[in-house]
Amino acid sequence: MLQTSAISDVRTRITAIRPAGADVSILSMSCPEIAAVARPGNFVNIKVNAADQPLLRRPFCIHNVQGDTIDVMVKNVGRGTSLLCEASCGESLMVLGPLGNSFGTGTGDFDTALLVSGGIGTAPMLFLEKTLAAAGISFHHLVGGRSHTDLLTTGLSNVTTSTDDGSEGFHGNVVQLLEKHLAEREVGRVKVFACGPNAMLRALARFCRDRAIACELSLESVMGCGVGICYGCMVELTNADGEKESILLCREGPVIDGSRFTA
Ligand SMILES: Cc1cc2nc3c(=O)[nH]c(=O)nc-3n(C[C@H](O)[C@H](O)[C@H](O)COP(=O)(O)OP(=O)(O)OC[C@H]3O[C@@H](n4cnc5c(N)ncnc54)[C@H](O)[C@@H]3O)c2cc1C
(Lines give C-alpha, C1' and ligand atoms only; values in the text may rest on other atoms or scores of the structure.)
Protein backbone atom coordinates (compact mmCIF):
# COMPACT_ATOMS: atom_id res chain seq x y z
CA MET A 1 0.00 0.00 0.00
CA LEU A 2 1.45 3.33 -1.07
CA GLN A 3 0.70 6.75 0.41
CA THR A 4 -0.25 9.71 -1.79
CA SER A 5 1.65 12.98 -1.37
CA ALA A 6 0.45 15.79 -3.69
CA ILE A 7 -3.19 16.67 -2.96
CA SER A 8 -5.08 19.32 -4.99
CA ASP A 9 -8.49 20.94 -4.55
CA VAL A 10 -9.75 21.45 -8.09
CA ARG A 11 -12.76 23.51 -9.18
CA THR A 12 -14.01 21.77 -12.30
CA ARG A 13 -17.08 20.95 -14.38
CA ILE A 14 -18.65 17.66 -15.41
CA THR A 15 -17.61 16.98 -19.01
CA ALA A 16 -19.51 13.72 -19.52
CA ILE A 17 -22.03 11.65 -17.63
CA ARG A 18 -23.23 8.23 -18.73
CA PRO A 19 -25.30 5.45 -17.21
CA ALA A 20 -23.35 2.33 -16.17
CA GLY A 21 -26.02 0.10 -14.62
CA ALA A 22 -28.98 0.17 -12.28
CA ASP A 23 -28.79 3.50 -10.37
CA VAL A 24 -25.12 3.89 -11.34
CA SER A 25 -23.53 6.67 -13.42
CA ILE A 26 -19.98 7.44 -14.53
CA LEU A 27 -18.97 11.11 -14.35
CA SER A 28 -15.95 12.57 -16.14
CA MET A 29 -14.17 15.72 -14.97
CA SER A 30 -11.06 17.54 -16.08
CA CYS A 31 -8.66 17.46 -13.09
CA PRO A 32 -5.11 17.61 -14.53
CA GLU A 33 -3.38 17.98 -11.14
CA ILE A 34 -5.15 14.91 -9.75
CA ALA A 35 -4.90 12.82 -12.94
CA ALA A 36 -1.14 13.37 -13.07
CA VAL A 37 -0.41 11.73 -9.69
CA ALA A 38 -3.38 9.40 -9.05
CA ARG A 39 -2.74 5.73 -8.30
CA PRO A 40 -5.32 2.90 -8.35
CA GLY A 41 -7.08 2.71 -4.98
CA ASN A 42 -6.87 6.48 -4.38
CA PHE A 43 -10.13 8.35 -3.90
CA VAL A 44 -11.41 11.91 -4.31
CA ASN A 45 -13.71 13.87 -1.99
CA ILE A 46 -16.32 15.76 -4.02
CA LYS A 47 -18.46 18.80 -3.11
CA VAL A 48 -21.43 17.62 -5.12
CA ASN A 49 -22.93 21.02 -6.00
CA ALA A 50 -22.37 24.76 -5.63
CA ALA A 51 -25.12 25.17 -2.96
CA ASP A 52 -24.57 25.23 0.83
CA GLN A 53 -26.24 21.82 1.26
CA PRO A 54 -25.16 19.11 1.41
CA LEU A 55 -22.27 20.67 3.28
CA LEU A 56 -19.94 17.67 3.51
CA ARG A 57 -18.10 16.29 0.53
CA ARG A 58 -18.67 12.69 -0.57
CA PRO A 59 -15.80 10.20 -1.18
CA PHE A 60 -15.46 8.20 -4.44
CA CYS A 61 -12.74 5.91 -5.76
CA ILE A 62 -10.99 7.02 -8.92
CA HIS A 63 -12.58 4.78 -11.54
CA ASN A 64 -10.45 5.77 -14.52
CA VAL A 65 -7.80 8.25 -15.64
CA GLN A 66 -7.49 9.32 -19.28
CA GLY A 67 -5.09 12.21 -19.91
CA ASP A 68 -6.26 15.14 -17.76
CA THR A 69 -9.64 13.56 -17.09
CA ILE A 70 -10.69 11.45 -14.12
CA ASP A 71 -13.88 9.37 -13.94
CA VAL A 72 -15.84 8.37 -10.87
CA MET A 73 -18.50 5.65 -10.84
CA VAL A 74 -21.35 6.66 -8.53
CA LYS A 75 -24.17 4.55 -7.12
CA ASN A 76 -27.24 6.54 -6.17
CA VAL A 77 -27.88 5.72 -2.49
CA GLY A 78 -28.87 9.07 -0.99
CA ARG A 79 -28.88 12.84 -1.22
CA GLY A 80 -25.34 13.55 -2.40
CA THR A 81 -25.08 10.66 -4.83
CA SER A 82 -28.49 11.42 -6.37
CA LEU A 83 -27.36 15.01 -7.02
CA LEU A 84 -24.32 13.62 -8.85
CA CYS A 85 -26.19 10.93 -10.78
CA GLU A 86 -28.85 13.44 -11.89
CA ALA A 87 -26.36 16.24 -12.69
CA SER A 88 -25.83 17.61 -16.20
CA CYS A 89 -22.69 18.25 -18.20
CA GLY A 90 -21.22 21.66 -17.33
CA GLU A 91 -22.23 21.57 -13.66
CA SER A 92 -19.56 22.83 -11.26
CA LEU A 93 -17.90 20.61 -8.62
CA MET A 94 -14.99 20.87 -6.20
CA VAL A 95 -12.76 17.77 -6.25
CA LEU A 96 -10.13 17.13 -3.56
CA GLY A 97 -7.54 14.45 -4.29
CA PRO A 98 -5.97 12.12 -4.85
CA LEU A 99 -6.58 10.96 -1.27
CA GLY A 100 -5.67 7.88 0.71
CA ASN A 101 -3.21 5.14 -0.14
CA SER A 102 -3.21 2.91 -3.21
CA PHE A 103 -3.09 -0.78 -4.11
CA GLY A 104 0.40 -2.32 -3.98
CA THR A 105 0.85 -3.39 -7.59
CA GLY A 106 4.60 -3.16 -7.97
CA THR A 107 5.85 -5.53 -5.29
CA GLY A 108 6.99 -8.29 -7.65
CA ASP A 109 5.84 -10.99 -5.21
CA PHE A 110 3.00 -12.31 -7.36
CA ASP A 111 2.49 -13.54 -10.93
CA THR A 112 -1.27 -13.09 -11.27
CA ALA A 113 -3.54 -10.42 -9.85
CA LEU A 114 -7.09 -11.48 -9.05
CA LEU A 115 -9.37 -8.44 -8.87
CA VAL A 116 -12.36 -9.46 -6.76
CA SER A 117 -15.26 -7.04 -6.47
CA GLY A 118 -18.90 -6.88 -5.51
CA GLY A 119 -21.56 -4.36 -6.52
CA ILE A 120 -20.28 -0.77 -6.61
CA GLY A 121 -16.98 -2.17 -5.28
CA THR A 122 -16.05 -2.68 -8.94
CA ALA A 123 -15.54 1.12 -9.17
CA PRO A 124 -11.72 1.16 -8.60
CA MET A 125 -11.03 -1.94 -10.71
CA LEU A 126 -10.76 -0.39 -14.20
CA PHE A 127 -7.94 1.95 -13.13
CA LEU A 128 -6.25 -0.98 -11.34
CA GLU A 129 -6.59 -3.20 -14.44
CA LYS A 130 -5.04 -0.54 -16.67
CA THR A 131 -2.11 -0.07 -14.28
CA LEU A 132 -1.46 -3.82 -14.06
CA ALA A 133 -1.75 -4.23 -17.85
CA ALA A 134 0.70 -1.35 -18.44
CA ALA A 135 3.17 -3.11 -16.13
CA GLY A 136 2.72 -6.41 -18.00
CA ILE A 137 1.15 -8.14 -15.00
CA SER A 138 -1.40 -10.86 -15.70
CA PHE A 139 -4.84 -10.18 -14.17
CA HIS A 140 -8.33 -11.63 -14.00
CA HIS A 141 -11.54 -10.02 -12.67
CA LEU A 142 -14.03 -11.89 -10.53
CA VAL A 143 -17.11 -9.66 -10.33
CA GLY A 144 -20.09 -10.46 -8.14
CA GLY A 145 -23.56 -9.05 -7.65
CA ARG A 146 -26.87 -10.00 -6.12
CA SER A 147 -28.42 -10.17 -9.60
CA HIS A 148 -27.31 -9.54 -13.19
CA THR A 149 -28.37 -5.87 -12.98
CA ASP A 150 -25.79 -5.33 -10.19
CA LEU A 151 -22.81 -6.47 -12.32
CA LEU A 152 -20.71 -3.44 -13.38
CA THR A 153 -18.33 -4.93 -15.93
CA THR A 154 -18.30 -2.23 -18.64
CA GLY A 155 -14.78 -1.59 -19.94
CA LEU A 156 -13.16 -4.50 -18.06
CA SER A 157 -11.18 -7.34 -19.71
CA ASN A 158 -10.76 -10.95 -18.51
CA VAL A 159 -13.95 -11.04 -16.45
CA THR A 160 -15.81 -13.92 -14.81
CA THR A 161 -19.04 -13.07 -13.02
CA SER A 162 -21.17 -14.50 -10.25
CA THR A 163 -24.66 -13.69 -9.06
CA ASP A 164 -26.35 -14.68 -5.82
CA ASP A 165 -29.58 -15.47 -7.69
CA GLY A 166 -27.91 -17.28 -10.61
CA SER A 167 -29.26 -14.81 -13.19
CA GLU A 168 -25.80 -14.47 -14.81
CA GLY A 169 -22.48 -16.28 -14.51
CA PHE A 170 -21.61 -18.57 -11.62
CA HIS A 171 -24.53 -19.18 -9.23
CA GLY A 172 -23.16 -18.18 -5.82
CA ASN A 173 -21.13 -15.44 -4.20
CA VAL A 174 -17.85 -14.06 -5.49
CA VAL A 175 -15.75 -15.77 -2.78
CA GLN A 176 -17.15 -19.14 -3.89
CA LEU A 177 -16.31 -18.10 -7.46
CA LEU A 178 -12.72 -17.36 -6.37
CA GLU A 179 -12.48 -20.83 -4.80
CA LYS A 180 -13.70 -22.41 -8.05
CA HIS A 181 -11.37 -20.25 -10.15
CA LEU A 182 -8.31 -21.28 -8.10
CA ALA A 183 -9.31 -24.97 -8.14
CA GLU A 184 -9.63 -25.04 -11.93
CA ARG A 185 -6.43 -23.23 -12.94
CA GLU A 186 -2.69 -23.23 -12.45
CA VAL A 187 -2.23 -19.56 -11.56
CA GLY A 188 1.20 -19.44 -9.91
CA ARG A 189 1.72 -16.87 -7.16
CA VAL A 190 -1.55 -14.99 -6.70
CA LYS A 191 -2.41 -11.69 -5.07
CA VAL A 192 -6.02 -10.69 -4.47
CA PHE A 193 -7.13 -7.05 -4.76
CA ALA A 194 -10.68 -6.50 -3.56
CA CYS A 195 -13.42 -3.96 -2.98
CA GLY A 196 -17.05 -4.50 -2.05
CA PRO A 197 -19.47 -4.77 0.86
CA ASN A 198 -17.96 -5.48 4.30
CA ALA A 199 -19.57 -8.93 4.58
CA MET A 200 -17.98 -9.98 1.29
CA LEU A 201 -14.59 -8.53 2.29
CA ARG A 202 -14.62 -10.32 5.65
CA ALA A 203 -15.38 -13.67 3.99
CA LEU A 204 -12.69 -13.00 1.38
CA ALA A 205 -10.11 -12.00 4.01
CA ARG A 206 -10.80 -15.25 5.90
CA PHE A 207 -10.54 -17.30 2.69
CA CYS A 208 -7.18 -15.73 1.78
CA ARG A 209 -5.80 -15.96 5.32
CA ASP A 210 -6.65 -19.69 5.52
CA ARG A 211 -4.74 -20.31 2.25
CA ALA A 212 -1.86 -17.83 2.82
CA ILE A 213 -2.90 -15.82 -0.24
CA ALA A 214 -1.73 -12.18 -0.29
CA CYS A 215 -4.76 -9.91 -0.19
CA GLU A 216 -5.43 -6.18 -0.16
CA LEU A 217 -8.89 -4.76 0.55
CA SER A 218 -10.30 -1.33 -0.21
CA LEU A 219 -12.71 -0.52 2.65
CA GLU A 220 -15.52 1.99 2.96
CA SER A 221 -16.80 3.93 5.95
CA VAL A 222 -18.88 7.02 6.43
CA MET A 223 -16.35 9.81 5.86
CA GLY A 224 -16.26 13.58 6.36
CA CYS A 225 -13.15 15.60 5.56
CA GLY A 226 -11.12 12.87 3.79
CA VAL A 227 -7.82 14.19 5.19
CA GLY A 228 -7.70 13.03 8.82
CA ILE A 229 -9.09 16.12 10.58
CA CYS A 230 -12.69 15.19 11.48
CA TYR A 231 -12.01 11.66 12.82
CA GLY A 232 -15.28 10.54 11.19
CA CYS A 233 -13.91 7.47 9.41
CA MET A 234 -12.40 5.45 12.26
CA VAL A 235 -12.44 1.68 11.61
CA GLU A 236 -11.30 -1.13 13.89
CA LEU A 237 -8.73 -3.60 12.56
CA THR A 238 -6.48 -6.27 14.11
CA ASN A 239 -2.71 -5.86 14.30
CA ALA A 240 -0.04 -8.55 13.84
CA ASP A 241 -0.24 -9.45 17.58
CA GLY A 242 -3.98 -10.08 17.32
CA GLU A 243 -4.85 -6.86 19.19
CA LYS A 244 -7.58 -4.45 18.11
CA GLU A 245 -6.42 -1.11 16.73
CA SER A 246 -8.30 1.81 15.18
CA ILE A 247 -7.23 3.65 12.06
CA LEU A 248 -8.53 6.68 10.18
CA LEU A 249 -9.56 5.13 6.89
CA CYS A 250 -9.03 8.35 4.91
CA ARG A 251 -5.35 8.57 5.89
CA GLU A 252 -4.19 5.00 6.57
CA GLY A 253 -6.59 3.46 4.01
CA PRO A 254 -8.78 2.93 2.19
CA VAL A 255 -6.52 0.02 1.14
CA ILE A 256 -5.51 -2.32 3.98
CA ASP A 257 -3.80 -5.68 4.23
CA GLY A 258 -6.54 -8.32 4.34
CA SER A 259 -4.97 -10.03 7.37
CA ARG A 260 -6.00 -7.00 9.48
CA PHE A 261 -9.70 -7.35 8.64
CA THR A 262 -10.83 -10.08 11.01
CA ALA A 263 -14.37 -10.95 12.10
C1 LIG B 1 -12.95 5.70 0.38
C2 LIG B 1 -14.36 5.57 -0.17
C3 LIG B 1 -14.55 5.35 -1.51
C4 LIG B 1 -15.85 5.24 -2.03
N5 LIG B 1 -15.99 5.02 -3.37
C6 LIG B 1 -17.23 4.98 -3.91
C7 LIG B 1 -17.39 4.83 -5.32
O8 LIG B 1 -16.42 4.73 -6.08
N9 LIG B 1 -18.65 4.83 -5.81
C10 LIG B 1 -19.75 4.96 -4.98
O11 LIG B 1 -20.88 4.97 -5.49
N12 LIG B 1 -19.62 5.08 -3.64
C13 LIG B 1 -18.40 5.12 -3.09
N14 LIG B 1 -18.25 5.29 -1.73
C15 LIG B 1 -19.48 5.42 -0.91
C16 LIG B 1 -20.04 6.83 -1.08
O17 LIG B 1 -19.11 7.77 -0.61
C18 LIG B 1 -21.36 6.96 -0.31
O19 LIG B 1 -22.32 6.11 -0.92
C20 LIG B 1 -21.85 8.39 -0.35
O21 LIG B 1 -21.00 9.21 0.43
C22 LIG B 1 -23.26 8.47 0.18
O23 LIG B 1 -23.65 9.85 0.10
P24 LIG B 1 -25.17 10.26 -0.04
O25 LIG B 1 -25.27 11.71 0.32
O26 LIG B 1 -25.74 9.85 -1.33
O27 LIG B 1 -25.86 9.37 1.06
P28 LIG B 1 -26.55 9.85 2.40
O29 LIG B 1 -27.85 10.50 2.05
O30 LIG B 1 -25.56 10.58 3.24
O31 LIG B 1 -26.81 8.43 3.04
C32 LIG B 1 -27.55 7.43 2.32
C33 LIG B 1 -27.16 6.05 2.79
O34 LIG B 1 -25.78 5.78 2.42
C35 LIG B 1 -25.02 5.45 3.58
N36 LIG B 1 -23.67 6.02 3.47
C37 LIG B 1 -23.31 7.30 3.65
N38 LIG B 1 -21.99 7.45 3.47
C39 LIG B 1 -21.51 6.22 3.17
C40 LIG B 1 -20.23 5.71 2.89
N41 LIG B 1 -19.12 6.46 2.89
N42 LIG B 1 -20.13 4.41 2.60
C43 LIG B 1 -21.20 3.63 2.58
N44 LIG B 1 -22.44 4.04 2.85
C45 LIG B 1 -22.59 5.33 3.14
C46 LIG B 1 -25.78 6.06 4.75
O47 LIG B 1 -25.51 5.34 5.94
C48 LIG B 1 -27.22 5.89 4.32
O49 LIG B 1 -27.70 4.59 4.57
C50 LIG B 1 -16.97 5.36 -1.18
C51 LIG B 1 -16.78 5.59 0.20
C52 LIG B 1 -15.49 5.67 0.69
C53 LIG B 1 -15.29 5.92 2.16
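Strands are DSSP runs of E of at least two residues, and helices are DSSP runs of H or I of at least four, both numbered from the N terminus. In this predicted model, Ser117 has its place in strand β10. Ser117 is buried, because its relative accessible area is 0% and the limit for a buried residue is under 20%.

Apart from neighbours within four places in sequence, Ser117 is in contact with Thr122, Met125, Leu142, Val143, Gly144, Val174, Cys195 and Met200. One of these partners, Met125, is also listed among the buried residues of helix α3. Strand β10 itself spans residues 112-118 and is one of the elements that cover the buried residues of α3.

## Domain organisation and interface

The protein is divided into two domains, with domain 1 covering residues 2-99 and domain 2 covering residues 103-218. A distance of 24 Å separates the C-alpha centres of domain 1 and domain 2. At the interface, 17 residues of domain 1 are in contact with 13 residues of domain 2. The area buried between domain 1 and domain 2 is about 1,500 Å², and carbon and sulfur atoms give 63% of that area. Of the area that domain 1 buries against domain 2, Pro40, His63 and Met73 supply 38%, more than any other three residues.

Across this interface of domain 1 and domain 2, the rule finds zero salt bridges, whereas six residue pairs are in polar contact, both residues being at pLDDT 80 or more. On the side of domain 1 that touches domain 2, the elements giving two or more residues are β2 (8-21), β6 (64-66) and β7 (69-75). By class, that side of domain 1 has ten nonpolar, five polar and two charged residues.

Helix α3 comprises residues 125-134 and is largely enclosed by the rest of the structure, because seven of its ten residues are buried. The buried residues of α3 are Met125, Leu126, Phe127, Leu128, Glu129, Thr131 and Leu132. The cover over these buried residues includes β6, β10, β11 (138-145) and β14 (190-195). Strand β6 is also one of the elements that give two or more residues to the side of domain 1 that touches domain 2. After α3 comes Gly136, whose phi is positive, near 75°.

## Thr163 in strand β12

Thr163 lies in strand β12, which spans residues 159-163. With a relative accessible area of 0%, Thr163 is buried. The side chain of Thr163 reaches the backbone nitrogen of Gly166 at 3.2 Å, and a polar atom of the Thr163 side chain lies 3.1 Å from the backbone nitrogen of Ser167.

Leaving aside neighbours within four places in sequence, the residues in contact with Thr163 are Gly145, Arg146, Ser147, His148, Leu151, Glu168, Phe170, His171 and Gly172.

## Salt bridges

By the rule applied here, the count comes to eight salt bridges. In one of them, the side chains of Asp111 and Arg189 meet with an N to O distance of 3.0 Å. This pair links distant parts of the chain, 78 residues apart: Asp111 is in the loop between β9 (101-102) and β10, and Arg189 is in the loop between α4 (174-184) and β14. Asp111 is partly exposed, at a relative accessible area of 36%, and Arg189 is partly exposed at 44%.

Lys180 forms a salt bridge with Glu184, with the closest N and O atoms 3.3 Å apart. Because Lys180 and Glu184 are four residues apart in helix α4, about one helical turn separates them. Lys180 is partly exposed, with a relative accessible area of 34%. Glu184 also forms a salt bridge with Arg185, where the closest N and O atoms are 3.8 Å apart. Arg185 is partly exposed, its relative accessible area being 38%. Through shared partners, these salt bridges join Lys180, Glu184 and Arg185 into one network.

## The loop holding Gln53

Gln53 is found in the loop between β4 (43-47) and β5 (58-61). Its relative accessibility of 46% is the reason Gln53 counts as partly exposed. Gln53 and Gly226 are 173 residues apart along the chain, and 18 Å separates their C-alpha atoms.

Conventions: Residues numbered from 1 in each chain as written. Predicted model: local features only at pLDDT ≥ 70, side-chain atom pairs only at ≥ 80, totals over all residues. Heavy atoms only, no water. Domains from an automatic or database assignment. Contact = heavy atoms within 4.5 Å. Buried area = accessible area lost by both parts, 1.4 Å probe. Salt bridge = Lys/Arg side-chain N within 4 Å of Asp/Glu carboxyl O. Polar contact = N/O pair within 3.5 Å; in protein donor to acceptor, adjacent residues only side chain to side chain. Nonpolar A, V, L, I, M, F, W, Y, C, P; charged D, E, K, R; others polar. Buried < 20%, exposed > 50% of the residue type's maximum accessible area, 1.4 Å probe, protein only.
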